[in-house]
Amino acid sequence: MTCGFGKIILLGEHAVVYGHPALAGGLSRRVDIAVSPGSGPTALEIPDWELAVTVEDDHPVATALGALVDGLGADRRGLLLRGHADLPDRAGLGSSAALSVAITRALADHLGLELDPDRLAALADVGERCFHNTPSGIDVAMASRGGWGLFRRQAGLTPIDAAPLQLLVGLSDEPRRTADMVARVAAARERDPAITGRWLDALGAGATAGANALATGDLAQLGRLMSAAHEALSALEVSTPTLDNMVAAAQRAGAMGAKLTGGGGGGAVIALAPERQDEVLATWKALGFRSLTCTVGERTARAR
Ligand code: PMV
């Protein structure tokens with residue numbers, strides 16, 4: 001059994017696409033995959049996501065599976081990759097990268113290949129590109145390494161030495177596509193480079209400041225930066241009325257900070273509320289939203 005981990009972007013999503021830093025942490029929630037002999041075309045089954053595809057299907061996951069099988073030189077017939085996931089899919093928590101990393105590790109193990117972290121990330125990125133056209137690489141970096149890190153497109157991931165945090169994750173259950181949201185920001189940037197550029201600069205600066213706050217344990221400052229980032233993401237029109245409502249509800253319930261996480265347009269919001277966890281969770285529940293309590297920033301590389 002090999003695995004890929006989910007991630008939470010604490011600060012800097014969208015700005016990271018344009019070369020700014022983003023601050024992210026690995027989740028202990030993950031996708032596990034084992035390879036066994038199968039019949040017919042090589043197949044992938046994740047019952048938790050009601051997912052069953054073969055390399056011959058017309059489906060984004062099938063395309064990613066085929067690209068990873070080809071990238072590693074594995075067999076397009078006769079393999080069954082079967083897995084388990086305790087990470088919700090399509091929620092902005094990095095499920096596609098976790099899946100790409102888990103498939104890559106599973107196939108490498110099956111072929112007896114040893115992959116160092118950079119090679120693993122480069123191979124898994126081939127799968128991730130089948131889901132998002134131009135991923136910044138942050139999801140794959142976190143899915144393969146875990147811990148906390150400041151990611152930059154050119155420089156990759158700089159690990160941050162900080163303790164894991166408990167974050168509350170509220171699920172909007174709004175359908176979304178990260179690629180659409182990235183395209184929306186790109187269109188806004190073309191229409192109005194000055195204003196869009198200022199919001200992206202602010203998001204990137206927030207990520208750098210957040211890395212310092214995290215490293216020094218200044219949670220109040222981290223919370224303020226999270227709420228400010230949500231304002232910037234709203235101004236970039238990647239939030240939705242539901243996400244705004246969930247963020248405002250968490251703040252009213254006493255969270256130190258709250259924001260959407262990942263591409264936006266739906267998906268998840270996160271709240272930092274060390275003293276008010278029960279209040280925030282109860283508020284979301286009363287509004288009809290599902291939620292998770294997640295430990296973020298755990299070092300996961302040891303789990304392979
Ligand atoms: O929605 P997610 O979890 O795939 O996160 C996307 C993060 C973006 O910055 C919006 C895009 C990217 O490739 O970094």
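Mentor: In this predicted model, helix H8 has these buried residues: Leu243, Met246, Val247, Ala249 and Ala250. Buried here means under 20% relative accessible area. Around the axis they cover an arc of only 160°, so they sit on the same side of H8. An α-helix has 3.6 residues a turn, so residues three or four places apart point the same way.

Now turn to the other face. Pro241 and Arg252 are exposed, and they are carried on the face of H8 turned away from its buried side.

What do the buried residues of H8 pack against? Two helices are among the partners: H7 (219–235) and H9 (277–286). Strands S8 (165–171), S9 (257–261) and S10 (268–272) also take part.

Next, check the length. H8 runs over residues 241–252, twelve residues in all. At 1.5 Å a residue, H8 should span 16 Å. The end C-alpha atoms of H8 are 16 Å apart, which agrees. Just after H8 comes Gly254, with a positive phi of about 105°.

For another view of helix packing, look at H5 (residues 178–191) and H6 (residues 193–216). Their axes come within 6 Å and cross at roughly 130°. That angle makes H5 oblique to H6. From H5, the contact uses Val185, Ala188, Arg189, Glu190 and Arg191. From H6, Pro193, Thr196 and Leu200 meet them. By class, this contact has four nonpolar, one polar and three charged residues.

How values were computed. Residues are numbered from 1 along each chain as its sequence is written. This is a predicted model: local features need pLDDT of at least 70, side-chain atom pairs count only at pLDDT 80 or more; totals for chains, interfaces and linings use all residues. Side-chain values use heavy atoms; hydrogens and water are left out. Axes are lines fitted to C-alpha atoms, for helices over the stretch in contact, and angles run from 0 to 180 degrees between N-to-C directions. Helices (H or I, at least four residues) and strands (E, at least two) are DSSP runs, numbered from the N terminus. Angles under 35 degrees count as roughly parallel, over 145 as roughly antiparallel, 65 to 115 as roughly perpendicular and the rest as oblique. Contact means heavy atoms within 4.5 Å. Ala, Val, Leu, Ile, Met, Phe, Trp, Tyr, Cys and Pro count as nonpolar, Asp, Glu, Lys and Arg as charged, and the others, Gly among them, as polar. The expected span of a helix is 1.5 Å times one less than its number of residues. Buried means under 20% relative accessible area, exposed over 50%, partly exposed in between (1.4 Å probe, protein chains only). The arc is that of the directions from the helix axis to the C-beta atoms.
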